[in-house]
Amino acid sequence: GYWQASGTGSRIVLAGLTSVVSPPSCGAYYVNVTAQSGGRVELPAVQSLGVGYYSVLADGSSSVVDLSGLTSENTTNSSVTVEARNQGQVLLPQLADGATVDLTIRTGGVVPVAQWQRLHSITLDGVATNFPALTNIGSSITLNGVAASFPVLTNIDGISLYATGGAVLALPGVGSYVRGVCTHGYWQASGTGSRIVLAGLT
């Protein structure tokens, strides 16, 4: 399904909706929620995302996806992609456990990050920020052209790390690394000045 608001003043308002479920009975079909070019998709009362596949995108100045009431998502049988770019905003300040959330913030995009304790993957492209509460990452961290720190993240077993375009990825709390069974973790720093810093690894 597609919920898309495009253009200044365009709105989809679902003020009374409290939960969304998208069971993959017909395959991996996504619920796509998109605000672009000044549009708004307003879901302020949604508290949970159930089993299913979800894609959330805010693209363009004054474009907003409002999920300000969301506090939980299915952490075992779902896939959630969240992306903001070009001054778009995804209002998502309360969801802390994003075990199946792939978070992408590109230049100009805004997504709250202070609350995250767990994420599946993180991509920061031209947006420098820190994740002060993040303790668990499931798949990868990718930085392009920015510096970011994850001060309380201590376990990166099996995950991939990428720094490009002069990015600096600092993980001061990591003291060890174990490759996952039948998995391949990639650590790659490419481009002038790009660094992955694991100062505590022994």
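Reply: Phe131 and Phe150 are both buried, where buried means under 20% relative accessible area, exposed over 50% and partly exposed in between (1.4 Å probe, protein chains only). The model is predicted, so local features need pLDDT of at least 70 and side-chain atom pairs pLDDT 80 or more, while totals for chains, interfaces and linings use all residues. Residues are numbered from 1 along each chain as its sequence is written, and side-chain values use heavy atoms, without hydrogens and water.

A search of the whole structure returns 3 aromatic pairs. Rings of Phe, Tyr and Trp (its six-membered ring) pair if their centres lie within 6.5 Å; planes under 30 degrees apart count as stacked, over 60 as edge-to-face and the rest as tilted. One of the pairs is Tyr30 with Tyr53: the ring centres are 5.5 Å apart and the planes stand at 50 degrees, so this pair is tilted. Because Tyr30 belongs to strand β4 (residues 30–36) and Tyr53 to strand β6 (residues 48–59), the pair ties together parts 23 residues apart in sequence. Helices (H or I, at least four residues) and strands (E, at least two) are DSSP runs numbered from the N terminus. Tyr30 is partly exposed, at a relative accessible area of 30%; Tyr53 is also partly exposed, at 25%.

Phe131 and Phe150 make a stacked pair, with 5.2 Å from centre to centre and 15 degrees between the planes. Phe131 sits in the loop between β12 (118–125) and β13 (136–144), and Phe150 in the loop between β14 (147–149) and β15 (160–164), so the pair links parts 19 residues apart in sequence.

Ser22 is in strand β3 (residues 19–22) and is buried, with a relative accessible area of 12%. Leaving out residues up to four places away in sequence, Ser22 touches Tyr29, Val31, Val51, Gly52, Tyr53 and Tyr54, a contact being heavy atoms within 4.5 Å.

As for the whole chain, there are 0 helices and 18 strands. Buried residues account for 43% of the 202 residues. Among contacts between residues at least 6 apart in sequence, 46% join residues at least 24 apart. The C-alpha trace spans about 50 × 35 × 25 Å along its principal axes.
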